[in-house]
Amino acid sequence: MKYIGKKVIMMAATLLTVSFLVFLSFFVMSGDPVTSMLGTQATPEKVEALREEMGLNDSFFTQYFRWAGSFLKGDMGTSYSYRMPVESMIVDKIPVTLALTGIAFLLMLVLAVPLGIYTAKHEGGIADRSIYVINQIIMAIPPFFAGILITFLFGRIFRLFTPGGYVSYKENFGQFIGYMFFPALAIALPKTAMAVKLLRSSVIGEVKKDYVRTAFSRGNRSNQVFYNHILKNAVIPVVTFWGMALADMVAGSIIIEQVFSIPGLGRILLTSISNRDYPVVEAIIICIAFIVVFINLVVDIIYQLVDPRISTQEQE
Amino acid sequence: MSMKKKKNYNLIAGGILTGTMLLLIMIGIFYTPYDPNAMDPAAKFAGVSLAHPMGCDNFGRDVFSRVLQGSRTTLFVALCTVTIGTVFGIALGAVTGYYGGILDEILMRINDAVFAFPSLLLALVFISILGPGRNNVIAALGIAFVPSFARIVRGEFLKYRNMDYVKSAKLQGAGDWRIMFVHILPNAMPVLLSAIIIGFNNAVLAEAGMSYLGIGVQPPEASLGRMLSEAQSYLFTAPAYAIFPGAVIIWMVLGFSLLSEGIGAESEK
């Protein structure tokens, strides 16, 4: 429990640092939002009134704490371009991005675990070597190009889905998941290749250890040793990779949403970047940061469950 | 099969792929079959032919010439990015790893916070502040790559700073800078080198991704990512236009990753 408490405090500290850095960089670099909202022709009185209304005349720290404080209460500020509350713009986009990332992650697990085990068990065989070559190629494909290829292959030739035919999860959940499958596949493919490779080498490294020989010499059957001893230890380094992959997938979904015209966080982030709509950009960055940091926390906890040695080491 | 020595296929294949790529890019600096930006309305979406080995795009521009120019841009951005990441990463990692103390504690906390963040997202934050464009992408990706290099270098410096040879250098009166960069850094090189190659590939993929999103290299300058985003609109009518720039990105990344695996296997021998 002490371990988890420590990790939660670390998570809060990380979020605080990230939010501070993000706010600071936009504060220093972004220029005056009032000029961009009113144009250069505005009278000084008008500019001053709007500055006062938006609280831009206060000191940096006052502004930061006001922003961070209202963020915690769910008030993410007002969009410069649309003059509407940021939270109303992004709240219903979050589940879309999360669903995309979640499906991609599941796909990775479903594909990578059996393939990783299979290639490790048949090390050096034809299947192992062909999968190695395919893996190397898949890892070199940029996810957005994988998305384009998948659109062409499954959308055009096999006609398994309609490119651009996104259905909102509010309208029809089944069709929503159906549409998300192929974008998720584009995100999952390169990570799957890496996961297979990592699990394979982890298992192979574990098989050579002494305790495995001991387990065999005590007369255990090979599958029993494999699943109860080898896999349990081999999966430990892989869990860390899964966590990093999941965090990367959240970021990767920004690009894939663009490829498949999915209205998630990524699309609105890109529009806001080109509109220089900083409150929206800040809010989305913080939301994604929260998701990423939360994933890391969960990974740390799972990590401790699979490998109890970790928590005792950390306390020293 | 009778093989006396197991051949290092990764090294060979990686060398061939990377070598031909670099050769083509070098030739592209001095000669392209057409002006990469010259539009020829008559050749709009022209198919693959001897005159246009990769066909033409929606403006009738020669795709092969544009691919040559685009891969040069991508390579340039990746090189600059990795250089920025490595130089600042080494400086930061060396100082924090060697001296430790409060400075290390503060910098590494910030580093951890930034490291927890996917580098693509970090680069997007910088781009939204700096604005799009090639040089800004270099700056954004470069900064985004610093934490990972700093972390690796710091780990190596922590490992070596109490070694006997460092102590002996100290006794002989070597200064801190000399110890850091003449004695410790060369020992950290093997680990750093593989990180640089992986970083290079990530930079190629990130640059392509950002250009695809329209926030990287700006037109009319050709870029592989940008070409793909234009090609996507014509995917069903002219699939070749999308296939070639994409294949070149794969070629580049595959070449470097095979090369890095090959070098890794070679150094283990």
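Modeller: Helices here are DSSP runs (H or I, at least four residues), and strands are too (E, at least two), numbered from the N terminus. On that basis, A:Thr151 sits in helix H8 of chain A. This is a predicted model: local features need pLDDT of at least 70, side-chain atom pairs count only at pLDDT 80 or more, and totals for chains, interfaces and linings use all residues. Residues are numbered from 1 along each chain as its sequence is written, while chains are lettered from A and ligands numbered from 1 in the order in which they are written.

Biologist: Is A:Thr151 buried or exposed?

Modeller: Count the other C-beta atoms, placed from the backbone, within 10 Å of the residue's own: 20 or more is buried, 12 or fewer exposed, in between partly exposed. A:Thr151 is buried, because 22 other C-beta atoms lie within 10 Å.

Biologist: Which residues does A:Thr151 touch?

Modeller: Contact means C-beta atoms, placed from the backbone, within 7 Å. Leaving out residues up to four places away in sequence, A:Thr151 touches A:Pro163 and B:Leu235. A:Ala12, by comparison, is 139 residues away in sequence and 40 Å away in space, C-alpha to C-alpha.

Biologist: How many residues of chain A are in contact with chain B?

Modeller: 35 residues of chain A meet 33 of chain B. On the chain A side, helices H1 (2-29), H7 (126-139), H8 (143-157), H11 (222-259), H12 and H13 each supply at least two residues.

Biologist: At what angle do H12 and H13 of chain A pack?

Modeller: Axes are lines fitted to C-alpha atoms, for helices over the stretch in contact; angles run from 0 to 180 degrees between N-to-C directions. H12 (265-275) and H13 (278-306) of chain A pack at about 145°, axes 9 Å apart. In H12(A), A:Leu265, A:Ile268, A:Leu269, A:Ser272 and A:Ile273 meet A:Val280, A:Val281, A:Ile284, A:Cys287 and A:Ile288 in H13(A). By class, that contact has nine nonpolar, one polar and no charged residues.

Biologist: Where does UniProt place the domain in chain A?

Modeller: UniProt positions follow the numbering used here, feature names are shortened, and annotations may be inferred rather than shown by experiment. The unreviewed UniProt entry places "domain: ABC transmembrane type-1" at residues 94-303 of chain A. That stretch is 83% helix and 0% strand, with end C-alpha atoms 27 Å apart.

Methods
Contact = placed C-beta atoms within 7 Å. Nonpolar A, V, L, I, M, F, W, Y, C, P; charged D, E, K, R; others polar.
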